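This briefing covers the fold, the helix packing and the salt bridges of the structure shown below.

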Amino acid sequence: HRGAKYSMKDGIDRVMFIVSFIGRPDETRQLSRGTYFHMKWLMWGHTFRDLHDAYRSMAKPFSIMRALSIWKPRNRNFGYDLITATVMRIANMQQGGSPDDLPDFVENVIEKIFHLPKVLQGTLEYSEQAWVIYLEETMDK
């Protein structure tokens, strides 16, 4: 599929459709333990039903609010939001959630997306408890 940056001038249109099925967030099953390369951060929180009117229900700024579990249409359910999915990956030490992944997460998500100043962040400590230390110290500030 040539990745997300496929931009062949005058090339044919293409579609890449990857679907994972899981129950609602209040069920006890976990997200699959694989890569999430196909998920842009602002696409979390949506459900299969949202594909019926994607241009409306998955458009910015609503997709951002949905990904953070801030807002959804009255007639829709929340899917797994970005924060819940991230915390589940950290808790289970899945890809992207191991202690070694913390510095990249801080740089690419906390600083570049949320623009949280370093003065309001916890310590980046290289240990088995790196995520716990960082998150607790950040919340205390």
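A residue is called buried when its relative accessible area is under 20%, exposed when it is over 50%, and partly exposed in between (1.4 Å probe, protein chains only). The model is predicted: local features need pLDDT of at least 70, side-chain atom pairs count only at pLDDT 80 or more, and totals for chains, interfaces and linings use all residues. Residues are numbered from 1 along each chain as its sequence is written, and side-chain values use heavy atoms, with hydrogens and water left out.

**Overall**
- The protein chain has five helices and zero strands; helices (H or I, at least four residues) and strands (E, at least two) are DSSP runs, numbered from the N terminus.
- Of its 141 residues, 30% count as buried.
- The accessible surface of the protein chain (Shrake-Rupley method, 1.4 Å probe) is about 10,300 Å², with 58% belonging to carbon and sulfur atoms.

- Buried residues of α5 (residues 130-140) are Ala130, Trp131, Ile133, Tyr134 and Thr138.
- Seen down the axis of α5, these fall within an arc of 165°, so they line one face of the helix; the arc is that of the directions from the helix axis to the C-beta atoms.
- Met139 and Asp140 are exposed on the face of α5 turned away from its buried side.
- The buried residues of α5 pack against α3 (82-91) and α4 (102-111), where contact means heavy atoms within 4.5 Å.
- In α4, the buried residues are Leu102, Val106, Val109 and Ile110.
- Down the axis of α4, its buried residues span an arc of 110°, so they line one face of the helix.
- The axes of α4 and α5 are 10 Å apart, at an angle of about 35°; axes are lines fitted to C-alpha atoms, for helices over the stretch in contact, and angles run from 0 to 180 degrees between N-to-C directions.
- Leu102, Phe105, Val106 and Ile110 of α4 meet Ala130, Trp131 and Tyr134 of α5.

**Salt bridges**
- There are six salt bridges in the structure, each a side-chain nitrogen of Lys or Arg within 4 Å of a carboxyl oxygen of Asp or Glu.
- Asp50 and Arg76 form one, at 2.6 Å from N to O.
- Arg76 also bridges to Asp53, with the closest N and O atoms 3.0 Å apart.
- Arg76 lies in the loop between α2 and α3 and Asp53 in the segment before α1, so the pair ties together parts 23 residues apart in sequence.
- Both Arg76 and Asp53 are buried.
- Glu107 and Lys112 meet in a salt bridge at 3.9 Å, N to O.
- Glu107 is partly exposed at 39% relative accessible area, while Lys112, at 51%, counts as exposed.
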